[in-house]
Amino acid sequence: MISVSDIKVVFGRGTPLEKKALNGVSLTIAEGEFVTVIGSNGAGKSTLLGVLAGDVIATEGRVTIGTVDVTRQGTAQRAGRVARVFQDPLTGSCGALSIEENLALAARRGERRGLAPALGPSRRARFRERIAELNLGLENRMGDRMDLLSGGQRQAVSLVMATLAGSDVLLLDEHTAALDPGMAEFVMTLTEKIVSERKLTTLMVTHSMRQALDYGHRTVMLHGGEIVLDVTGDSRKTLQVEDLIAMFRKMRGQTLDDDALLIG
Ligand SMILES: Nc1ncnc2c1ncn2[C@@H]1O[C@H](COP(=O)(O)OP(=O)(O)OP(=O)(O)O)[C@@H](O)[C@H]1O
């Protein structure tokens, strides 16, 4: 379970550029729950993921993961429990290393550095097996550098990497936004499979209203650093993309020119 209580994040406090990115956000997410997070630019979505990942330390409030208070823990301390996949396929993996080497590093996330070999024969076989499950033929390219893969292939490998260290929290920051529609759908199907098989507690930020309603169990909308919508169950099932777009319009007090993007 994740619990976020009355989180405030202020950037540049006391300067002319002071910005309240989160302004009292409280959220309890059950174990295995998959929450989609929407909101206009600057709403605070990435900051919320940052607070959960540990790269943003909250100005006020409390964050617990399971029974552990992680409010003051940095990214390295949480790395074994929290995995993250970014929008840019180049961000979460190392292009100069092979698929296999990237997997070996991911599997040791959160561990202290030691002398044990990261790539023994049994690990190699396990990695190959996991990559073969993607059905992309990448199991025959385990020695290829990551930067030779397409964006979609790289996001698929990143999702496998996210599950290797036994994390129980998965943070997805617009992880399909840079992909073509076919690959985005493939990566979303894979995401759903991994999340349900491994019972990962998941937050997925997306600008696609369609994705926000089609995937996961619950949808949260942020605006101005606050939660303005939190729907689950039957009330979510009856919600339409058009309803969300109307809420966006109301919130922003202006007409959206990019409805097509939001629907996609
Ligand atoms: N490191 C930082 N320093 C100063 N201001 C920041 C920093 N990070 C974010 N902000 C500001 O905090 C606000 C929330 O940003 P955040 O990135 O969380 O929004 P978002 O909802 O993810 O937006 P987008 O959809 O554009 O990615 C924005 O006004 C942003 O400019």
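Good morning. Please keep in mind throughout that the model is predicted. The chain has an average pLDDT of 90, and 92% of its residues score at least 70. For the complex, the predictor gives an ipTM of 0.97 and a pTM of 0.90.

I begin with the sheet. Strands of a sheet pair through backbone hydrogen bonds, and the pairing may be parallel or antiparallel. Here we have an open sheet of six strands, in the order E6-E7-E8-E3-E9-E10, and its pairing is mixed. Why is one side of strand E6 and of strand E10 left without a neighbour in the sheet? E6, residues 82–85, and E10, residues 226–232, stand at the edges and have a single partner strand each, so one side of each has no neighbour there. On average, neighbouring strands of this sheet are turned by 20 degrees against each other, direction ignored.

E6 runs parallel to strand E7, residues 169–173, and four bridges join the two. Within this pair, arginine 84 stands opposite leucine 171 in E7.

A helix also belongs to this picture. Helix H1, residues 45–53, packs on the sheet and touches E3, E6, E7, E8 and E9. The direction of H1 makes about 150 degrees with that of E7.

Further along the sheet, E3 and E9 run parallel and are joined by four bridges. Threonine 36 has threonine 219 in E9 as its bridge partner. E9 then pairs with E10 in the antiparallel sense, over six bridges. What lies between the strands in the hairpin of E9 and E10? There are two residues between them, and in this hairpin glycine 224 takes a positive phi near 55 degrees.

Two packed helices are described by the angle between their axes and by the distance between the axes. Helix H3, residues 99–107, packs against helix H4, residues 121–132, at an angle of about 105 degrees, and their axes are 10 Å apart. H3 is therefore roughly perpendicular to H4.

Which residues meet at this contact? From H3 come Ile99, Glu100, Leu103, Ala104 and Ala107, and from H4 come Arg123, Arg124, Phe127 and Ile131. Of the residues in the contact of H3 with H4, six are nonpolar, three are charged and none is polar.

Thank you for your attention.

How values were computed
Residues numbered from 1 in each chain as written. Predicted model: local features only at pLDDT ≥ 70, side-chain atom pairs only at ≥ 80, totals over all residues. Pairing = 2+ DSSP bridges. Axes fitted to C-alpha atoms, helices over the stretch in contact; angles between N-to-C directions. Contact = placed C-beta atoms within 7 Å. Parallel < 35°, antiparallel > 145°, perpendicular 65-115°, else oblique. Nonpolar A, V, L, I, M, F, W, Y, C, P; charged D, E, K, R; others polar. pLDDT = per-residue confidence, 0-100.
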